[in-house]
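Subject: Structure for your review

Dear colleague,

Please find below the structure that I am handing over to you.

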Amino acid sequence: FWDLALREHAAVNQKGIYDEALSSFFRNVDTRVVGDGGSISKGKICTLKARAVLIDMEEGVVNEILQGPLRDVFDSKQLITDISGSGNNWAVGHKVFGNLYQEQILEKLRKSAEHCDCLQCFFIIHSMGGGTGSGLGTFLLKMLKDEFPEVYRFVTSVYPSGEDDVITSPYNSILAMKELNEHADCVLPIDNQSLFDIISKIDLMVNSGKLGTTIKPKSLVTSSAGAVKKRHQKPFDAMNNIVANLLLNLTSSARFEGSLNMDLNEISMNLVPFPQLHYLVSSLTPLYTLADVNIPTRRLDQMFSDAFSKDHQLIRADPKHSLYLACALMVRGNVQVSDLRRNIERLKPSLQFVSWNQEGWKTSLCSVPPVGHSHSLLALANNTCVKPTFMELRERFMRLYKKKAHLHHYLQIEGMEESCFMEALSSLSGLIEEYNQLDATKSMPVEDFPRLSVAM
Amino acid sequence: MSVVTVQLGQCGNQIGFEVFDALYTDSHCPQGLCSKRENEAYQASCKERFFSEEENGVPIARAILVDMEPKVTSQTLSKAAQSGRWKYGQHSCFCQKQGSGNNWAYGYSVDGPRHEESIMNLIQKEVEKCDSLSGFFIIMSMAGGTGSGLGAFVTQNLQDQYSNSLKMNHIIWPYRTGEVIVQNYNSILTLSHLYRSSDALLVHENDALHKICAKLMNIKQISFSDINQVLAHQLGSVFQPTYSVEGSCHYRRNPLGGFKDQALYTSWLKPINAFNVWKTQRAFRKYEKSAALVSNSQFLLKPLDTIVGKAWNMFAS
């Protein structure tokens, strides 16, 4: 993400001045100054430091980042690591490491917050199936809610795919979901299988050769290595870039100018009708914007159509055949309001919206396109199509739980009891039931509630 | 007689820029299809109404720019300054770091009281620059958070503080098929508050303006800038002075007759009284002939009913 963010700002910011847009994600620091006094708020860019805290209970990944090309972007004081890892155990992450590192995490967060003129939102990026991301991550979520109640909490959660190699991932995921239900403002679920499918599609487009495509030298599909990507080399890099693009596009309208801006607080305001129903399915189109490949621009309208197809969602879901509670279209680049309106009119008849929000669209237009492309679209849908994912998760949980398989690893952690599992399960079931009730209204005729009418 | 404009939110500020630009361009049209004397009187009058003078001759718009996030206001300020023809006052801008999040309640109950003093002070300063204040022109949208909520709050304050001045609110009616999901809530909250504190609500519907761009002007890719320019044209031709040199404030009545259809008029007014014509020789923006119609009619009842219906359905669910 930070790699792409830097590239994006570099493309827009010609003069090297530290501006409002940059300050959303980065601090400007004079590294020669020792201690905290080094922050510079205006003027030329000195050294950019990411407004981020990196947490992992084992050192491998963080060390790799610190030795990589982006090592200067991260402040060494903003890291929290341990040695042994959480063992894919939510309880270890949440209860053991949560307690152990609570103070430290809080202190680092407070420091980061102090460096901000106006803190609007936290982005939490983690996986649901593991131990640290899932356990410690959700512990952190609650802490953020208590400590910074007015700041929005956006969570990007990677859900376990069908073929997941972590056996305890259903336990971890469901224990984490309870926390997400209660403490997150907005969750963007992702799953690896969908990301992989998208990468494969891009590969196909690139290697089919029919359209005379070429890969640009600094391909954004892979990491900053710069070489032409070999197929299936380090697929996670390419998949992660998709999520990075998601976050960039989500915040583009808040960072850059446009004729219809959309801030992050507007996402929550418009797309979350009831506090519990805050799971948003996302899709990014056109696909080639995720790969920096040189494909001749297709028709603009195709971009809009694709955003609603099940093949473009970042999680296994089919929004077109489920019920929409709300939908947001965030457009970047050379697209005007008439294009937006035309496509909304065109696509609306094929989509089902809930009765009390028949025309529930939130739109935004940002003038700055993604690097190297003319336009792109991010669609966020609050749609009942997330229900199957949750139901499947519950299914897998039950298969393990019925046999009490692997349960003792959790129960031996202080503070964990079987009731934790029951509560988490009932929280998820409650959520699924909400979606069920909404789905039941799908085919019902839309009736107006009685009211005083305007005299005509 | 001067008018102080208050531009609120992204919509208000983007429109405000186009309006001032249209007014400036029009008043500086070298040929007005009228006598030189009349052209000069027209220019002077327009300038007095909407701009104040600066030392180096660049007119400054009599306007306050208000927004809860900085991007749009800084863009508007720089666009005006770059044009070299007119600009906004250096200190006429009020903005914060974090937007209102499309939340009317945030604009009205949080941002309003919190920034009341700063905003009213800015307005006061602008008012003091006027020799005689004719009234306020408040540009705002109904669908967003700042324009709608803060706009309602500011209008109320203006009612309290400047009860003798005219307050005209220019409100933008959002697209029917959603720009903002909670636009219906924001709209009815705004309208219900403005009823009590505003003297006149001048309405422009995004749908109508869009249609004009598409059907009448044949613009293929319509941008908000196009829409705002159409709007500014309409407003400009309504705002520009209609004096003739013979006597200011002298308007000629009705040589065109009125609309023939009796059903267009209310029962308590005779057609001859219901329909007023202001005619001026001086052309607007080089159009040989142009006319603008401002009407107080029932044309917004249906859209209003639709909005209330949708808001109610959302609320009652």
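I begin with strand E12 of chain A, residues 375-383, which is mostly covered: nine of its nine residues are buried. Please bear in mind throughout that this is a predicted model. A:His375, A:Leu377, A:Ala379, A:Ala381 and A:Asn383 point one way from E12(A), while A:Ser376, A:Leu378, A:Leu380 and A:Asn382 point the other way. Residues on both sides of the strand are buried.

E12(A) has two pairing partners to report. Strand E8 of chain A, residues 281-285, pairs with E12(A) in the antiparallel sense over five bridges; here A:Val281 stands opposite A:Ala381. Strand E9 of chain A, residues 323-333, also pairs with E12(A) in the antiparallel sense, over nine bridges. In that pairing, A:Gly333 stands opposite A:His375.

A:Leu380 leads on to the nonpolar cores. Together with A:Ile267, A:Tyr279 and A:Phe390, A:Leu380 is listed among the residues with the most contacts inside the largest nonpolar core, which has 97 residues. At least three residues of this core come from each of domain 2 (53-184 + 406-442) and domain 3 (212-223 + 236-387) of chain A. Apart from this core lies another, of 55 residues, including B:Ala63, B:Trp86, B:Tyr88 and B:Ile172. In soluble globular proteins, nonpolar side chains tend to be buried together.

Which residues does A:Phe390 contact, leaving aside its neighbours within four places in sequence? They are A:Tyr159, A:Met177, A:Tyr279, A:Leu428, A:Leu431, A:Ile432 and A:Tyr435.

As for chain A as a whole, it has 14 helices and twelve strands. The C-alpha trace of chain A spans about 65 × 60 × 55 Å along its principal axes. Of the 456 residues, 56% count as buried. Among contacts in chain A between residues at least 6 apart in sequence, 81% join residues at least 24 apart. The accessible surface of this chain comes to about 19,700 Å², and 52% of that belongs to carbon and sulfur atoms.

Not counting residues up to four places away in sequence, B:Ser141 touches B:Cys11, B:Gly147, B:Ser148 and B:Ile172. B:Ile172 is also one of the residues of the 55-residue core.

With kind regards

Methods
Residues are numbered from 1 along each chain as its sequence is written. Chains are lettered from A and ligands numbered from 1 in the order in which they are written. This is a predicted model: local features need pLDDT of at least 70, side-chain atom pairs count only at pLDDT 80 or more; totals for chains, interfaces and linings use all residues. Side-chain values use heavy atoms; hydrogens and water are left out. A nonpolar core is a set of buried Ala, Val, Leu, Ile, Met, Phe, Trp, Tyr and Cys residues joined through side-chain atoms within 4.5 Å. Buried means under 20% relative accessible area, exposed over 50%, partly exposed in between (1.4 Å probe, protein chains only). Domain bounds come from an automatic or database domain assignment. Contact means heavy atoms within 4.5 Å. Helices (H or I, at least four residues) and strands (E, at least two) are DSSP runs, numbered from the N terminus. Accessible areas come from the Shrake-Rupley method with a 1.4 Å probe; for residues, only the protein chains shown count as cover. Two strands pair if DSSP finds at least two bridges between them.
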